[in-house]
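Work through these exercises with the model open. Try each task before reading its solution.

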Amino acid sequence: MKICIVGASGKLGHYMIAHALDRGHEVVGVCRPESVGKLDRFADRITIVPGKTNDRDVIRRAVEGCDGVLTVLAPWGVQQYASGTAQAVMDFARPGARLVFSCGWHISRDGQDRYSMFFTLLVPILAWIARLFRLAELDDQVEACRRIFESDTRWTVVRGSDLEEGPSEGLPVWSRHVGDPVLASNLTRRIDYALFMVAALEDESLVREAPAIVSCKSASALAHAAPLTLAATRSA
Ligand SMILES: NC(=O)c1ccc[n+]([C@@H]2O[C@H](COP(=O)([O-])OP(=O)(O)OC[C@H]3O[C@@H](n4cnc5c(N)ncnc54)[C@H](OP(=O)(O)O)[C@@H]3O)[C@@H](O)[C@H]2O)c1
């Protein structure tokens with residue numbers, strides 16, 4: 001499969017490149033020009049397209065001929081970065097391409113997610129502070145996902161829990177709604193988040209799903225029988 005990784009130079013991007021190469025995919029990576037050097041260890045195995053990920057011309061060139069696109073939705077700056085990136089990917093990826101996007105649990109597809117009081121208070125406060133200091137626009141990540149959910153593309157929005165570094169624990173389990181018991185541990189290794197993103201490219205059951213993920217070795221995943229796995233069907 002020929003795939004494009006948008007936001008390739010970040011931590012998640014590095015892991016996604018490694019998993020994609022392991023699976024034999026041909027990889028095109030997009031990253032900001034100042035970050036190209038971060039990809040030196042992959043330079044002879046991937047094609048790099050330097051540019052801001054919300055630059056429509058950059059995305060148009062990068063996704064050309066790709067069967068799948070993995071996009072890191074980053075809310076940084078006050079420049080509609082996440083929504084501009086998502087829109088460009090949806091506009092220029094070939095019809096039928098698999099589009100997989102990353103975001104956090106704060107994104108809700110249908111309003112059925114149940115958050116802790118702490119989380120409910122924390123997100124708007126963080127969003128306000130980030131915007132005040134012109135660091136990030138969490139609202140724009142919400143807008144990006146709203147557009148994705150409404151699109152008729154073959155999308156998956158993977159909602160990451162809190163993340164930690166460390167060796168792989170295996171493919172995370174997922175559920176449709178934050179608040180479901182299987183997700184209670186709220187922790188996933190970043191390397192496994194990337195594994196889920198890459199595996200989702202070839203999992204038809206995840207088309208037009210917004211899985212919230214958690215480590216398969218977490219206490220909540222182990223405690224709850226028959227969690228939805230990546231291969232689970234829509235009938236769950
Ligand atoms: N961190 C968490 O705990 C967490 C939890 C749940 C979900 N997620 C989701 O996971 C994904 C990756 O998050 P991450 O924290 O692991 O970060 P990451 O992989 O390091 O990715 C950050 C991305 O943002 C870019 N970036 C950084 N500063 C920027 C700026 N000022 N302007 C434009 N782009 C900038 C980076 O590009 P450069 O390489 O060019 O700097 C990189 O592509 C995101 O979609 C996030 O919502 C994260």
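Predicted model: local features only at pLDDT ≥ 70, side-chain atom pairs only at ≥ 80, totals over all residues.

**Exercise 1**

Which residues of H1 are buried? Then find what covers them.

Solution. Next, locate helix H1, residues 11-22. A residue is buried if 20 or more other C-beta atoms lie within 10 Å of its own. In H1 the buried residues are Leu-12, Gly-13, His-14, Tyr-15, Met-16, Ile-17, His-19 and Ala-20. Now look at the cover. It includes the strands S1 (2-6), S2 (26-31), S4 (68-72) and S5 (98-104), along with helix H6 (190-200). Then check the length. H1 has 12 residues, and its first and last C-alpha atoms are 17 Å apart, close to the 16 Å expected at 1.5 Å a residue. Last, step past the helix end. Just after H1, Gly-24 has a positive phi of about 85°.

**Exercise 2**

Solution. Helix H4 covers residues 117-132, 16 residues in total. At 1.5 Å a residue, H4 should span 22 Å. Its end C-alpha atoms are 23 Å apart, so the span agrees. Turn to burial. The count of buried residues in H4 is 0, and the helix is hardly covered. Arg-134 follows H4 and has a positive phi near 55°.

**Exercise 3**

Describe how H2 packs on H3, and list the residues that meet.

Solution. Two packed helices are described by the angle between their axes and the distance between the axes. Take the angle first. Helix H2 (residues 56-63) and helix H3 (residues 81-92) pack at about 45°, and their axes are 9 Å apart. That angle makes H2 oblique to H3. The crossing of H2 with H3 is right-handed. Now the contact. From H2 come Arg-56, Ile-59, Arg-60 and Val-63; from H3 come Ala-88, Val-89 and Phe-92. Sorted by class, this contact of H2 with H3 holds 5 nonpolar, no polar and 2 charged residues.

**Exercise 4**

Are their axes parallel or antiparallel?

Solution. Helix H5 spans residues 138-150, and it packs on H3 at about 20° with the axes 7 Å apart. Angles under 35 degrees count as roughly parallel. H3 and H5 are therefore roughly parallel to each other. List the partners next. H3 supplies Tyr-81, Ala-82, Ser-83, Ala-86, Gln-87 and Met-90. H5 supplies Asp-140, Gln-141, Glu-143, Ala-144, Arg-147 and Ile-148. By class, the contact of H3 with H5 has 6 nonpolar, 3 polar and 3 charged residues.

**Exercise 5**

Solution. Most residues other than glycine have a negative phi. Gln-80 has a positive one, near 50°.

Arg-94 counts as exposed because it has 11 C-beta neighbours inside 10 Å. From Arg-94 to Gly-68 is 26 residues in sequence, and 8.8 Å in space from C-alpha to C-alpha.

Notes: Residues numbered from 1 in each chain as written. Helix = DSSP H or I, 4+ residues; strand = E, 2+ residues; numbered from the N terminus. Expected span 1.5 Å × (residues − 1). Buried ≥ 20, exposed ≤ 12 C-beta atoms within 10 Å, placed from the backbone. Axes fitted to C-alpha atoms, helices over the stretch in contact; angles between N-to-C directions. Parallel < 35°, antiparallel > 145°, perpendicular 65-115°, else oblique. Left-handed = near helix turned anticlockwise from the far one by under 90°. Contact = placed C-beta atoms within 7 Å. Nonpolar A, V, L, I, M, F, W, Y, C, P; charged D, E, K, R; others polar.
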